[in-house]
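Open your viewer and get ready to select a few pieces one after another. At each stop, look first and then read on.

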Amino acid sequence: MLQGRTWIFDNQPVIISTGTVGGPFEAESRIPEAFDILHDDIWMNQSSFEKAQQIMMEEASQMAIKNSLIQKEDVQFFISGDLINQITPSNFAAKTMDIPYLGLFSACATSMESLALAAFFLNSNGADYILSGTASHNAAAEKQFRYPTEYGGQKPPTAQWTVTGAGCALVAKNGIGPKVTSATMGKIVDMGVTDPFNMGGAMAPAAVDTIEAHLRDLNVDASHYDLIITGDLGQVGQEASLDMLQKKNIGITEAMYEDCGLTIYRKDQPVFSGASGTASSAVGVYGHYLQLLKEKQLTRILVVATGSLHSPLSVQQKDTIPCIAHAVAIEAGCDGS
Amino acid sequence: MIFFWAFVVGGLFCVIGQILFDVFKLNPGVALTIFVVSGAVLEGIGLYRPLINFAGAGATVPITNFGNQLVEGAMQEAEQHGLIGVVTGIFEVTSAGISAAIIFGLIGAFLFKPKG
């Protein structure tokens, strides 16, 4: 059922299992227990960082299947995307997985876009089992969007640290686990920011737009959720978006507003404004927050993954950064799992 | 005393670079180009040699000196061989630096994975 720009999933698809992978920097993070697999080398025995990212995507997918009771052959679709040119790491991972594949690009909002689409397909009987996930690699993203790492280019404090990791959710029409209850699709919000080293600030208005639309479509206020969790706004974007949300009188408080970009790393890790990358929300939600739902510390969360949809070329041509945010509401299963 | 001025002048180059980053929001590639071109222009109008005499390594270590040396080489050769000297002389003085970058880059590429 569509209300405004929000899908209400009456059949409530279930996240029956997840798989998460991280690199050595993530092993040192605040939430190492959120990762099923932790690598101690960023190369992961591959010849390139892009291949390492592909391997993480494959491992997260395989781990999600292993953590469930179903077989790989039962999975009907694999929905994935990432940050690298033409999403090739996801494409190659899909080749290995040998499952019908839908490739997405929404930058760091890909995690929730893929989860929302998976839930939509399952809700309308388009499939029984769908794998939804994404991966990012710090060194691959640096090469793609910034400078070669050897160059040692200086970064401002508004910059963020791309997570090396992958997160995958196996979503089913029926089963035991957290339920996906609704999803709000974002619009492009472009406030004219041109600095690719301040993506949190650029994406904050997109997060605000989607959260506001979601609450309006459901006719609830922010207290409907135990937590509203953004994907990778970082310190700068999180504070800016909270300011904007509080001015809209939707009942949001600082205590119920968290950001995966601030949850993942420790304060003393040199990540500038916080974590970013498609894996930020994927490992944060699938590895950490879903566990809190399973442990009944939370019952209802809204995950808002934000993406900066610029390319290195558009930045060189001095274009602004178009941003988007997709929101997915997840509730603890009625059997408490 | 030259140590003092080397410290001050070299530091001032860095301050200008930081201002280019933080105030004018330029990326490192553009800032580097501005420094090289500025060094070349300063040498062209005869100011870079006096700066080196005054501040020593404070003026020779920053990348501006690369621009200075490009012009210095071109002008030296031009004096001896005329216009053609501008073409042959540009890398006259800087060839040691450029060759070193290529040779050490090659050695580095053999020892490490230069794929970052």
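Begin with α2(A) and α5(A), where α2(A) passes α5(A) in a left-handed crossing. Keep in mind throughout that this is a predicted model. To find the pair, select residues 49–66 of chain A for helix α2 and residues 138–145 of chain A for helix α5. Their axes come within 8 Å and cross at roughly 130°. Angles over 145 degrees would count as roughly antiparallel, and 65 to 115 as roughly perpendicular, so α2(A) and α5(A) are oblique to each other.

Which residues meet here, in α2(A) and in α5(A)? Show the side chains of Phe49(A), Glu50(A) and Gln53(A) in α2(A); they meet Ala139(A), Ala140(A) and Lys143(A) in α5(A). The residues of this contact divide into three nonpolar, one polar and two charged.

Next, select Thr110(A), which has its place in helix α4 of chain A, residues 110–123. Is Thr110(A) buried or exposed? Thr110(A) has 32 C-beta neighbours inside 10 Å. A residue needs 20 or more to be buried, so Thr110(A) counts as buried.

Then go to the place where chain A touches chain B. The contact takes 10 residues from chain A and six residues from chain B. On the chain A side, those residues divide into three nonpolar, four polar and three charged.

Move across to chain B and colour by secondary structure. Chain B has seven helices and zero strands, so from the N terminus on you can follow the elements as α-α-α-α-α-α-α. Along its principal axes, the C-alpha trace of chain B spans about 45 × 40 × 30 Å. Buried residues make up 21% of its 116 residues.

For the last stop, select residues 27–45 and 83–112 of chain B, where an unreviewed UniProt entry places the feature "transmembrane region". How much of each span is helix? Residues 27–45 of chain B are 89% helix and 0% strand, with end C-alpha atoms 27 Å apart. Residues 83–112 of chain B are 77% helix and 0% strand, and their end C-alpha atoms lie 43 Å apart.

How values were computed:
Residues numbered from 1 in each chain as written. Chains lettered and ligands numbered in written order. Predicted model: local features only at pLDDT ≥ 70, side-chain atom pairs only at ≥ 80, totals over all residues. Contact = placed C-beta atoms within 7 Å. Nonpolar A, V, L, I, M, F, W, Y, C, P; charged D, E, K, R; others polar. UniProt positions renumbered as here; feature names shortened; annotations may be inferred. Helix = DSSP H or I, 4+ residues; strand = E, 2+ residues; numbered from the N terminus. Buried ≥ 20, exposed ≤ 12 C-beta atoms within 10 Å, placed from the backbone. Axes fitted to C-alpha atoms, helices over the stretch in contact; angles between N-to-C directions. Parallel < 35°, antiparallel > 145°, perpendicular 65-115°, else oblique. Left-handed = near helix turned anticlockwise from the far one by under 90°.
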